[in-house]
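This report describes one protein structure for a reader who is new to the subject. Please view the sequence and the model first, and then read the sections in order.

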There are 2 protein chains.
Amino acid sequence: MNRSASIKDVANHASVAVGTVSNVLNYPDRVSQRTKERVLRAIDELGFVRNDAARQLRAGHSRTIGLIVLDVGNPFFTSVVRAAEDAAALQGSAVLLGDSGHNASRESNYIDLFQEQRVQGLLISPVGDVTERLDLLRERGIPTVLVDRLADENKYSSVSVDDDAGGYLAARHLLDTGRRRLAFVGGPTTIRQVADRLQGAQRAVKEEPDATLEVLDSAGQTVLAGRGVGNLLVERGRGELPDGIFCANDLLALGVMQSLTMTHTLRIPEDIALIGYDDIDFAVSAVVPLSSIRQPTEALGRTAIELLAEELESNNPGHRAVIFTPELVVRQSTGPARSTSAG
Amino acid sequence: MNRSASIKDVANHASVAVGTVSNVLNYPDRVSQRTKERVLRAIDELGFVRNDAARQLRAGHSRTIGLIVLDVGNPFFTSVVRAAEDAAALQGSAVLLGDSGHNASRESNYIDLFQEQRVQGLLISPVGDVTERLDLLRERGIPTVLVDRLADENKYSSVSVDDDAGGYLAARHLLDTGRRRLAFVGGPTTIRQVADRLQGAQRAVKEEPDATLEVLDSAGQTVLAGRGVGNLLVERGRGELPDGIFCANDLLALGVMQSLTMTHTLRIPEDIALIGYDDIDFAVSAVVPLSSIRQPTEALGRTAIELLAEELESNNPGHRAVIFTPELVVRQSTGPARSTSAG
DNA sequence: TCCACTCTTTGAATCGTTTCATTGTTACGA
DNA sequence: TCGTAACAATGAAACGATTCAAAGAGTGGA
């Protein structure tokens with residue numbers, strides 16, 4: 001048995017026309033019970049499996065959706081991907097996943113591939129400036145939804161998260177638990193996410209006249225970078241220390257935590273409260289469980305699929321930019337302070 | 001512009017036959033320079049992109065390879081996936097990725113999907129017993145390679161890692177650095193990986209007459225479980241402590257490390273050496289950088305694709321089971337002990 | 001000028017499915 | 001008995017690329 005059975009083989013085996021077999025598969029109601037049973041038996045006996053290529057060819061488009069992310073290893077995207085897959089499955093589509101790895105040429109290859117596959121649509125978290133390519137795709141009938149990037153609503157639909165709001169949430173939480181001398185730890189503010197989170201934090205601090213926000217630049221967004229900043233803090237005199245630290249992501253926060261706890265004199269959260277961003281798996285199992293800001297990744301993935309579905313409704317020329325607000329996750333690292341007149 | 005250009009449109013636009021356009025795309029040498037240029041210009045002007053469905057239909061199979069993993073969020077699989085994608089790209093294939101999430105029904109859905117897509121072959125890290133399905137697939141001309149699971153060479157090709165050898169490596173390293181009272185920390189030994197790693201460690205310990213190995217059962221494979229075991233250790237009298245601990249994975253080791261370092265009296269590696277397994281990203285940025293056993297994930301992914309290619313060579317009925325040996329990564333957590341007659 | 005040969009180009013047939021106009025069947029009321 | 005729905009089943013055409021036998025064009029030698 002070299003070649004797999006076709007619909008024609010099934011038709012012969014069941015002594016019906018090919019059209020009838022097709023109807024059994026696609027419009028069971030149009031076929032009489034007797035015939036249906038015969039056809040189904042034939043399908044079973046021959047082990048027939050639909051050839052999707054032929055179906056696609058006839059239909060003019062596939063039932064797959066292309067999804068290109070910056071890094072499948074990043075838990076943020078992993079979670080978005082899973083949600084998108086589930087949402088797509090519900091509407092009978094499958095997701096083709098591409099990992100650009102922050103690499104524009106890999107990204108371009110995937111766009112080529114997906115175009116050859118005639119995907120229904122494309123979800124993309126773009127590396128470079130791909131607007132020209134996306135415009136071309138749209139002309140060819142393949143709509144795009146941008147993921148984790150805010151797009152001009154006149155041009156594209158998009159789903160993104162409000163990093164400014166996230167920064168505000170984090171700083172506000174530190175303020176609400178009585179901290180007043182805050183510090184922000186984050187890499188180069190040329191990274192949009194870092195800049196936005198900082199901006200949100202500043203907004204919150206301005207609401208409290210007696211609160212201050214110090215910005216500590218970190219060399220990157222890693223645990224090591226965080227430990228570097230932490231070590232500098234530890235060398236300070238007790239009075240010059242912040243009492244609340246907000247890190248631009250959890251890795252930085254874990255690094256800072258390592259430095260502070262190693263001193264054996266500074267305690268978290270009694271002396272210094274600490275909050276991160278992203279709520280990675282490790283946050284909960286840190287030495288002191290880390291408070292963090294959780295991004296609604298499931299909602300991102302699900303909504304991206306929904307927006308794509310909207311785009312696919314032919315008589316719908318509009319676009320929508322959906323912006324999600326992240327969520328505060330309180331754990332021990334921002335618990336009660338030692339001796340403050342907390343609010 | 002609703003429908004995208006077909007090869008026929010290109011042929012008309014360039015005033016040549018469809019066969020010629022196809023030749024330009026697939027056998028450029030057969031076409032004269034003049035004609036080639038005209039056709040390429042037409043392709044460019046119309047923005048023609050091959051329809052892969054049509055090509056596939058004619059060819060009888062696609063240029064894609066199905067890959068089903070247990071958990072895309074797991075760094076082990078993420079790395080395997082990436083290597084497989086790269087290796088596949090080199091031979092002109094694309095990888096369709098499916099995440100079964102340890103769920104047999106999701107796994108089954110992906111197998112269905114991939115069969116409809118007529119993938120060239122399937123790489124799978126199976127959840128349940130899928131041998132029957134895989135046998136059927138093979139009858140239909142879709143070969144399978146098992147990933148991270150040792151298969152009977154008479155039935156399937158497979159790529160896997162020798163956990164026994166990994167366990168031996170870890171224990172041997174502790175012994176080589178002078179430790180004699182070893183402990184193994186790992187979840188239920190009903191998990192094959194855990195059992196194999198333990199067995200390898202026991203093999204190494206037997207080589208040293210004066211060495212002992214204590215088995216500490218952990219409730220799971222998480223940081224928290226590790227911390228639980230660590231807390232029990234800390235309560236022991238100094239003389240009853242092991243001087244070298246091998247954890248069945250890095251998460252456990254990080255948990256143990258948290259407990260030990262929090263005592264402020266036990267030092268790693270001076271008092272107790274610690275080694276994990278998997279070499280996750282966090283290992284290097286732990287408070288004390290964690291020694292570990294690294295699995296050759298890139299080689300796994302690459303080799304899986306190669307074995308599949310072998311299976312696809314029609315005149316090749318044999319199978320191969322490739323078993324990789326993991327690699328020791330030495331970091332600070334297994335540095336010199338305090339006062340031992342080290343080897 | 002004609003033949004033989006090579007190099008290009010042609011276009012019908014093919015892959016497997018869906019669609020849809022057409023034909024066949026059955027049932028029922030007039 | 002006939003006409004008319006309603007329902008089932010039919011099978012040719014279409015989707016777009018590739019293949020391949022055949023025709024055409026060009027070249028050089030006799």
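## Symmetry of the two chains

Chain B is superposed on chain A by a rotation of 180 degrees with a shift of 0.0 Å along the axis, and the RMSD is 0.1 Å. This is the relation of a two-fold axis. Within chain B, Ala53(B) has the C-alpha nearest the axis, at 2.3 Å from it.

The model is predicted, and local features need pLDDT of at least 70, side-chain atom pairs count only at pLDDT 80 or more, while totals for chains, interfaces and linings use all residues. Residues are numbered from 1 along each chain as its sequence is written, chains are lettered from A and ligands numbered from 1 in the order in which they are written, and side-chain values use heavy atoms, with hydrogens and water left out.

## Cavities

Rolling a probe the size of a water molecule over the atoms shows where empty space is left. A cavity is a set of points, on a 1 Å grid over the protein atoms alone, where a 1.4 Å probe fits but cannot get out; lining residues have an atom within 4 Å of a point. Grid points are joined across faces, edges and corners, and a volume is the space filled by probe spheres set on the points. The whole structure holds four cavities of 30 Å³ or more.

The largest cavity has a volume of about 70 Å³. Its lining includes Gln56(A), Ser62(A), Gln56(B) and Ser62(B), and the lining residues divide into two nonpolar, eight polar and no charged. Here Ala, Val, Leu, Ile, Met, Phe, Trp, Tyr, Cys and Pro count as nonpolar, Asp, Glu, Lys and Arg as charged, and the others, Gly among them, as polar.

The second largest cavity has a volume of about 50 Å³. Among its lining residues are Tyr110(A), Phe114(A), Ala94(B) and Val95(B). The elements that give two or more residues to this lining are strand 2 (94-99) and helix 6 (104-116) of chain A, together with strand 2 (94-99) of chain B. Helices (H or I, at least four residues) and strands (E, at least two) are DSSP runs, numbered from the N terminus. The lining of the second largest cavity comprises eight nonpolar, two polar and no charged residues.

## Aromatic rings

Rings of Phe, Tyr and Trp (its six-membered ring) pair if their centres lie within 6.5 Å; planes under 30 degrees apart count as stacked, over 60 as edge-to-face and the rest as tilted. The count comes to nine aromatic pairs over all chains. The rings of Phe282(A) and Phe282(B) are stacked, because their centres are 3.8 Å apart and their planes are at 20 degrees. This pair crosses between chains, from helix 12 (residues 281-284) of chain A to helix 12 (residues 281-284) of chain B. Phe76(B) and Phe77(B) form an edge-to-face pair, with 5.1 Å from centre to centre and 85 degrees between the planes.

Phe282(A) and Phe282(B) are both buried, as are Phe76(B) and Phe77(B). Buried means under 20% relative accessible area, exposed over 50%, and partly exposed in between (1.4 Å probe, protein chains only).

## Charges over rings

A charge sits over a ring if NZ of Lys or CZ of Arg is within 6 Å of the ring centre and within 35 degrees of the ring normal. Arg30(A) lies over the face of Tyr27(A), at 3.8 Å from the ring centre. Arg197(A) lies over the face of Tyr277(A), at 3.7 Å from the ring centre. Tyr277(A) also belongs to one aromatic cluster with Phe184(A) and Phe246(A).

Conventions: On a 1 Å grid over the protein atoms alone, a cavity is a set of points where a 1.4 Å probe fits but cannot get out, and a pocket is an open set with protein on both sides within 12 Å along at least five of seven lines; lining residues have an atom within 4 Å of a point. Copies are superposed by least squares on the C-alpha atoms of residues with pLDDT of at least 70 in both.
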